[in-house]
Amino acid sequence: MLSLVEKLYETHDLTDEELINLIKSEDSEVSEFLREKADETRQKYYGKKVFLRGLIEISSFCKNNCLYCGIRRDNKNAERYRLSREDILSCCENGYELGFRTFVMQGGEDAYYNDEFMCGIIREIKNKYPDCAVTLSLGERSNQSYKRMKEAGADRYLLRHETADVELYKKLHPNNMSLENRKKCLFNLKKLGYQVGAGFMVGAPFQTVENLVSDLRFMQHLQPQMIGIGPFIPHHDTPFKDEKQGTLELTLRLLGIIRLMFPKILLPATTALGTISPTGREMGLKTGCNVIMPNLSPVKFRKKYELYDNKICTGEEAAECKGCLQRRVQSAGYEIVSEKGDCIY
Ligand code: SF4
């Protein structure tokens with residue numbers, strides 16, 4: 001099995017069968033070797049740098065009903081809020097002072113944030129902070145809408161595909177959503193010149209190892225600039241409330257594989273990883289991750305953006321959060337930098 005890690009390190013690819021074997025292996029020696037090779041690869045291209053993305057959760061309203069999500073439309077217990085233009089700008093101001101050079105506006109699919117609103121706020125942020133990147137994570141929209149927002153100055157778009165297997169996609173989403181449209185959105189975004197982030201859940205209900213290989217193959221086809229993966233964590237007010245959560249071990253295994261398959265990728269150590277283990281993000285950083293996405297949203301709204309149970313970092317101000325992360329990143333042997341942090345290809 002160690003030779004598979006070596007082959008992946010050298011050639012950045014394996015056959016489906018080899019990938020399945022590597023994902024399935026529970027050998028701790030393999031895990032450690034994969035971690036070492038993933039770390040070596042990230043250091044070759046990005047040194048010890050860790051890029052920050054300031055996350056601004058602009059809306060907890062969503063018209064969709066994804067079965068795994070805490071803010072799905074049918075969750076009557078979810079508390080809903082929307083950030084105003086002023087709220088968003090104040091988050092950016094706070095973030096800029098703290099050294100953030102990327103702002104990510106993320107929310108459910110909420111028609112309130114139409115193109116006019118979004119283009120206005122994107123222009124304002126870009127005018128005030130020309131040295132910063134604006135990232136959007138607002139779900140599926142029309143090509144026209146993506147185009148307008150790109151022309152207004154948006155740089156990046158995050159849209160996790162969640163699973164590249166059509167049958168599994170149907171089990172995780174209601175009938176009115178389709179994997180085909182999601183993929184179409186991702187390719188549209190790429191064509192428009194966005195730096196794109198895709199990604200998937202690890203350990204989702206009904207997911208097989210073969211499904212995970214499909215996700216890796218889809219990534220090879222899409223060639224995104226960022227890949228965000230995190231363990232599935234159930235939310236108590238969803239149909240998946242009694243499902244098992246994804247494991248730390250499998251998530252780390254996939255992070256290592258992704259770093260070796262896509263050596264120059266931007267790879268976040270996600271909040272979900274930090275939620276399933278107190279040192280999950282540090283372990284992620286040691287296994288090839290080079291991005292962290294701290295929360296810049298106003299504290300009074302944070303608990304309301306509850307995509308899954310026990311989400312961490314919902315109680316601290318942004319400055320405290322950054323201090324805590326700085327210590328965590330340093331303890332893992334890396335260094336937070338105040339840079340836009342573009343992908344190097
Ligand atoms: S996963 Fe996204 S699209 Fe689906 S319900 Fe949640 S916020 Fe809405």
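Colleague: Before we look at helix packing, how are the axes and angles defined?

Modeller: Axes are lines fitted to C-alpha atoms, for helices over the stretch in contact, and angles run from 0 to 180 degrees between N-to-C directions. Please note that this is a predicted model.

Colleague: At what angle do α1 and α3 pack, and how far apart are their axes?

Modeller: Helix α1, residues 2–11, packs against helix α3, residues 28–46, at an angle of about 15°. Their axes are 9 Å apart.

Colleague: Is that parallel or antiparallel?

Modeller: Angles under 35 degrees count as roughly parallel, so α1 is roughly parallel to α3.

Colleague: Which residues make the contact?

Modeller: From α1 there are Leu2, Val5 and Tyr9, and from α3 there are Val30, Phe33, Leu34 and Lys37. By class, 6 of the contact residues are nonpolar, none is polar and 1 is charged.

Colleague: Is the crossing left-handed or right-handed?

Modeller: The crossing of α1 past α3 is right-handed.

Colleague: Let us turn to the sheet. What is the order of its strands?

Modeller: The order is β2-β3-β4-β5-β6-β7 in an open sheet of 6 strands, and the pairing is parallel.

Colleague: Which strands stand at the edges, and why is one side of each left without a neighbour?

Modeller: Those are β2 (54–59) and β7 (226–231). Each has a single partner strand, so one of its sides has no neighbour in the sheet. From one strand to the next, the twist averages 20°.

Colleague: How many bridges join β3 to β4?

Modeller: There are 5 bridges between β3 (residues 102–107) and β4 (residues 133–137), and the two strands run parallel. Thr102, for instance, has Ala133 in β4 as its bridge partner.

Notes: Residues numbered from 1 in each chain as written. Predicted model: local features only at pLDDT ≥ 70, side-chain atom pairs only at ≥ 80, totals over all residues. Pairing = 2+ DSSP bridges. Helix = DSSP H or I, 4+ residues; strand = E, 2+ residues; numbered from the N terminus. Parallel < 35°, antiparallel > 145°, perpendicular 65-115°, else oblique. Left-handed = near helix turned anticlockwise from the far one by under 90°. Contact = placed C-beta atoms within 7 Å. Nonpolar A, V, L, I, M, F, W, Y, C, P; charged D, E, K, R; others polar.
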